[in-house]
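User: I would like to go through some labels used for this structure and ask what each one rests on.

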Amino acid sequence: MEKTLLNHDIKDAEFVVENGAELKLNLAKLEDFESFHIVVHVKGDAVFQCAFADFSSGDGEARIDIYLEEEGARAEYHCASLAKGGSKKSFVPSIYHLAPHTEGLCESYGITEGEARLSFTGVSDIAHGAKGSSTRQAAKIIVFDEKCRGIASPVLNIDENEVKASHAATVGKLNESHLFYLMSRGLTKEEGRRLVTLGYLKPIVSYFEGDVKDEIDRAIEGGL
């Protein structure tokens with residue numbers, strides 16, 4: 001099953017992914033940012049995948065709590081966000097491993113400009129009894145201007161042995177060596193910066209289809 005929610009249709013909600021089922025939840029915010037909280041319960045051998053494309057303006061918090069409740073449950077979360085002007089946006093994806101042999105992945109990529117503030121946090125939690133589980137979080141933010149701010153702070157809570165858990169967090173300016181290489185090929189600094197940024201944000205588009213995919217593409221192109 002695949003479900004796509006756009007802009008104001010993204011609200012507080014709760015989903016149950018039953019045994020052996022699959023749910024792909026695609027979220028796209030291209031207008032005003034509004035806070036929301038989504039809770040997902042994933043049963044045995046079920047799969048939940050969430051792709052979140054955020055190219056909106058405004059302030060708020062996006063919280064997604066995913067509970068892997070039975071053996072073999074799996075979840076993925078992929079996010080790309082652009083924060084501009086004075087926007088203040090916070091993303092809190094958390095995956096709770098409550099049963100053995102569950103798998104979780106959180107990947108968040110962001111760009112912040114002007115005086116905007118962008119935060120990627122969230123928890124990967126492996127409970128006692130969830131042997132053989134694996135979890136990974138990655139959060140990366142490129143900071144373009146002096147007054148903007150990026151926060152990448154994933155958290156691991158591990159209460160079991162015989163598991164795999166890792167996280168990575170990076171906040172920094174655009175890689176100057178990449179920019180220098182592109183300029184050596186004849187691009188201006190602005191063109192090089194745009195090209196690198198497109199490569200950073202564009203992968204999220206692959207999770208969407210049809211008119212929504214085109215809208216996200218235009219939002220990325222027009223926002224840089």
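User: Which residues does Phe48 touch, not counting residues up to four places away in sequence?

Analyst: Phe48 touches Val17, Leu23, Leu25, Val40, Val42, Ile66, Arg74, Ala75 and Glu76. Contact here means heavy atoms within 4.5 Å. This is a predicted model, in which local features need pLDDT of at least 70 and side-chain atom pairs count only at pLDDT 80 or more, while totals for chains, interfaces and linings use all residues. Residues are numbered from 1 along each chain as its sequence is written, and side-chain values use heavy atoms, with hydrogens and water left out.

User: Why does Gln49 count as buried?

Analyst: Buried means under 20% relative accessible area (exposed is over 50%, partly exposed in between; 1.4 Å probe, protein chains only). Gln49 has 15% relative accessibility, so Gln49 counts as buried. Among the residues that Gln49 touches are Leu23, Glu76 and Tyr207.

User: Why is Asn26 called buried?

Analyst: The relative accessibility of Asn26 is 1%, and therefore Asn26 counts as buried. Asn26 also touches Tyr207 and Phe208, among others.

User: What makes the pair of Asn26 and Tyr207 a polar contact?

Analyst: A polar contact is a pair of N or O atoms within 3.5 Å; within protein, one must be able to donate a hydrogen and the other to accept it, and residues adjacent in sequence count only if both atoms are side-chain atoms. The backbone oxygen of Tyr207 lies 3.5 Å from a polar atom of the Asn26 side chain.
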